Amino acid sequence: MSNQKRIGVIGSGYVGLVTGACLAKVGHQVMIADVDNSKIQKLNSSECPIYEPGLEEILWKHAWKGNLKFTSDMEALVTLNDILFICVGTPSGEDGSTDLSYVISVAETIGKYMNVDKIVIDKSTVPVGTGDLVGKTINSKLLERGVEHSFHVVSNPEFLKEGTAVKDLMEGERIVIGLNKDRVDSDDVLKNILEMYEPFPGKKIVMGLREAEITKYAANAFLMVKLTFMNEIARLCDATQANVMEVIEGIGSDSRIGEKFLLPGPGSLSGSCFPGYYKAILPDSTKITLEELYLRVSNGEKINIKSTDHLITKDEEKEILEVSKRTVEELIEFTLSDGRIIRCTEDHLFPIIRNNSMILKKAKDIKGDDLFVSSL
Ligand SMILES: NC(=O)c1ccc[n+]([C@@H]2O[C@H](COP(=O)([O-])OP(=O)(O)OC[C@H]3O[C@@H](n4cnc5c(N)ncnc54)[C@H](O)[C@@H]3O)[C@@H](O)[C@H]2O)c1
């Protein structure tokens, strides 16, 4: 393989589309495939199924240049490319376990069509041991076909955030590459992956396959611990009339702790408890009732809505992570100074400005002279 790689990306969601686009941007020959034909049709008509700043510009530029293609032909994707990325969803089941059926189905497809040696890179977030399972699945398909091809399964977890995905991928702090270092082909596999990622400035961290799979879960878990911890401190501040923002600055300035991922958010402190007929704003500025939002998110659809960060410094898009619904007897009603009426449950938290700093207050505790951030 030369420095310009032939790369097949399976799954055209956030991770697959952005990964494929960024790899095409640095000069590789990329094909992106999806079982959802409507997504591929959209992409082939220059319609992007998701919104990510900077993404469309790269997609259409490289589709036009000819080094980025979209297809539903899995056989072509597997046979024409040397490096295959698995970027399909891994949703959580009700018991918290990971649904690996999409990953396994991709491994079967690879085994079904593999014609020469391949590098198979898993970018989906998967529990430890999945790389081995992918390897076994590919092998059993090869066995069924009575053919022998060598392949190496690599774990390359993704750390991008929706909303800044292109930037995160192009300029990410680190690129974790996990592979089975005991295998004789591992030096060659690693060389190819390092060549592929050469234009990306992030620190390349090479480790074992299982270590890379654990790294992704450990990183996610650590960030959640930080956030959850800070939400508890925010509750304490709320109960003791202390300003949580000052506490954040106080602890975040300690380099051992760091200021990132310490900001508590009303959304994660409590659910938004508004009536179902209230509307949220979608990224394309159309509106959707909370009732419909609830139905669609409960059906597994990923939906981003327009939001503001809790410091109200900038507008951004946020993915709905969880939805819940409950029946209440009574709703509280406020009339804002501009005449707008807000209805919500009495435990709904609102950011309120007091003495130039923000605190969170339950709707039932809000007084007449409290200043809503939305009225600033
Ligand atoms: N979205 C993120 O911010 C993010 C960040 C880091 C890691 N991840 C992880 O990356 C993985 C992908 O996430 P995503 O957000 O891109 O998911 P997604 O749901 O947006 O996209 C997955 C895509 O895979 C396609 N697909 C499913 N089965 C397929 C198959 N057999 N063959 C071809 N295509 C198939 C689906 O049609 C869909 O378009 C998940 O494991 C996720 O946890 C996501």
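How many residues does H5 have, and how far does H5 reach from its first C-alpha to its last? The count is 13 residues and the reach is 19 Å, close to the 18 Å expected at 1.5 Å a residue. That expected span is 1.5 Å times one less than the number of residues in the helix.

Before I go on, what we have here is a predicted model, in which local features need pLDDT of at least 70, side-chain atom pairs count only at pLDDT 80 or more, and totals for chains, interfaces and linings use all residues. Residues are numbered from 1 along each chain as its sequence is written.

Now the overall picture. The protein chain has 12 helices and 17 strands. Both are DSSP runs, numbered from the N terminus: helices are H or I with at least four residues, strands are E with at least two. The C-alpha trace spans about 75 × 45 × 40 Å along its principal axes. Of the 376 residues, 27% count as buried. Buried is defined as 20 or more other C-beta atoms within 10 Å of a residue's own, exposed as 12 or fewer, and partly exposed as anything in between, with C-beta atoms placed from the backbone. Two residues are in contact if those backbone-placed C-beta atoms lie within 7 Å. Among contacts in the chain with a separation of 6 or more, 63% come from residues 24 or more positions apart.

Next, the domains. Their bounds come from an automatic or database domain assignment, which gives domain 1 as 6-207, domain 2 as 214-262 and domain 3 as 265-375. The centres of domains 1 and 2, taken over C-alpha atoms, are separated by 33 Å. Contact between these two involves five residues of domain 1 and four residues of domain 2. On the domain 1 side, the touching residues are four nonpolar, one polar and no charged. Nonpolar here covers Ala, Val, Leu, Ile, Met, Phe, Trp, Tyr, Cys and Pro; charged covers Asp, Glu, Lys and Arg; the others, Gly among them, are polar.

Back to H5, which runs 101-113. Its buried residues are Val-103, Val-106, Ala-107, Thr-109, Ile-110 and Gly-111. They pack against strands E1 (6-10), E4 (83-86) and E5 (118-122), and against helices H4 (74-80) and H6 (130-145).

Compare H1. Is H1 enclosed or open? Because 12 of its 12 residues are buried, H1 is largely enclosed by the rest of the structure. Its cover includes E1, E2 (29-33), H3 (55-65), E3 (68-71), E4 and H7 (165-171). H1 reaches 16 Å over 12 residues, close to the 16 Å expected. Just after H1, Gly-27 has a positive phi of about 110°.

That leads to the nonpolar core. A nonpolar core is a set of buried Ala, Val, Leu, Ile, Met, Phe, Trp, Tyr and Cys residues joined through C-beta atoms within 7 Å. The largest one has 56 residues, and Ile-10, Val-18, Ile-86, Val-120 and Val-154 touch the most other members. H1 gives the most to this core, with eight residues. Leaving aside neighbours within four places in sequence, the contacts of Ile-10 include Ala-33, Leu-77, Ile-86 and Val-106.

Which residues come nearest the ligand? Out of 26 around it, they are Gly-11, Gly-13, Val-15, Ser-124 and Thr-125. The criterion for being near is a backbone-placed C-beta atom within 6 Å. H1 and H5 each supply at least two residues of this shell. The shell divides into 10 nonpolar, nine polar and seven charged.

Two single positions. Ser-155 sits in strand E6, residues 151-155. Ser-155 counts as buried because it has 29 C-beta neighbours inside 10 Å. Beyond four places in sequence, its contacts are Asp-122, Gly-131, Gly-178, Leu-209, Ala-212 and Glu-213. Pro-201 lies in the loop between H8 (186-196) and E8 (203-207), and counts as exposed because it has 12 C-beta neighbours inside 10 Å. The C-alpha atoms of Pro-201 and Asp-132 are 69 residues apart along the chain and separated by 29 Å.

Last, H9, residues 209-239. H9 has 31 residues and reaches 46 Å, close to the 45 Å expected. Its buried residues are Leu-209, Ala-212, Glu-213, Lys-216, Met-230 and Ala-234. After H9 comes Gln-241, with a positive phi near 55°.
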